[in-house]
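Dear colleague,

I am handing over the structure below, and after it you will find what I noted while going through it. Please read the notes with the structure open beside you.

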Amino acid sequence: MKISVVYSSKSGNTLSVAEKIKEEVEYIEYFGEPSNDAADSDLIFVGFWTDKGKCSKEIEEFLHTLHGKAIALFGTAGFGGDKSYFDKILSAVKAEIPSDNRVYEGFMCQGRMPSAVRARYEKMLEKDPNNIQFITLINNFDSALSHPDNNDFENAKKWANDVISFYNN
């Protein structure tokens, strides 16, 4: 079985998850950013950072090129802790995959955001100090600082092994 791990990582969060999957999985033929070389594999783990509720254009374009493959999506998002939010993102990305592919249940975890994001939230809060939404955004930013963490990495490795088990059965 040929396996590829493809990722797009803006801040390093998705790359760190991809590296943990690479450590866990045997027989990786390709590891890196989207490439035609990855499309030769039977099973392709595709990782993305969340951009406006879905994957980056680079990953979207790569997914459009895949046909007759087994695909396992994984990603990171600055907002976390809500499975329904993660499921919504995975559904949006899955919708980009041509229907002749087999797509496995995906994996998502929270990832830290650049400090410029918190600064933007703080400016918004300065203009409206009692706005609960702005306070929530800052609290979420702060909770994301430690992610992905060891628990996220262990969950990603377990998920990758589960995908391979499903693939082999």
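The cover over the buried residues of helix 5 includes strand 5 (102-110) and helix 4 (115-127), where helices (H or I, at least four residues) and strands (E, at least two) are DSSP runs numbered from the N terminus, and where contact means heavy atoms within 4.5 Å. This is a predicted model, in which local features need pLDDT of at least 70 and side-chain atom pairs count only at pLDDT 80 or more, while totals for chains, interfaces and linings use all residues. Residues are numbered from 1 along each chain as its sequence is written, and side-chain values use heavy atoms, with hydrogens and water left out.

The residues of helix 5 that are buried are Phe 134, Leu 137, Ile 138, Asn 140, Phe 141 and Ala 144; buried means under 20% relative accessible area, exposed over 50%, and partly exposed in between (1.4 Å probe, protein chains only). They lie on the same side of helix 5, because the arc they cover around the axis is only 160 degrees, the arc being that of the directions from the helix axis to the C-beta atoms. As a general point, an α-helix has 3.6 residues a turn, so residues three or four places apart point the same way.

The length of helix 5 (residues 132-144) also agrees with expectation, because its 13 residues should span 18 Å at 1.5 Å a residue and its end C-alpha atoms are 18 Å apart; the expected span is 1.5 Å times one less than the number of residues. At the start of helix 5, the backbone nitrogen of Gln 133 has a side-chain oxygen of Asn 131 within 2.8 Å.

Turning to the cysteines, the count of disulfides, each a pair of cysteine sulfur atoms within 2.5 Å, comes to zero. Cys 55 is in no disulfide, and the nearest cysteine sulfur to its own, that of Cys 109, is 16 Å away. Cys 55 is buried, with a relative accessible area of 3%, and Cys 109 likewise counts as buried at 3% relative accessibility.

Ser 56 sits in the loop between strand 3 (43-49) and helix 2 (57-64), and is buried, with a relative accessible area of 5%; leaving aside residues up to four places away in sequence, Ser 56 touches Ser 8, Trp 49 and Asp 51. Asn 155, in helix 6 (residues 150-168), counts as partly exposed at 36% relative accessibility, and its C-alpha atom is separated by 9.0 Å from that of Cys 109, 46 residues apart along the chain.

Key: A polar contact is a pair of N or O atoms within 3.5 Å; within protein, one must be able to donate a hydrogen and the other to accept it, and residues adjacent in sequence count only if both atoms are side-chain atoms.
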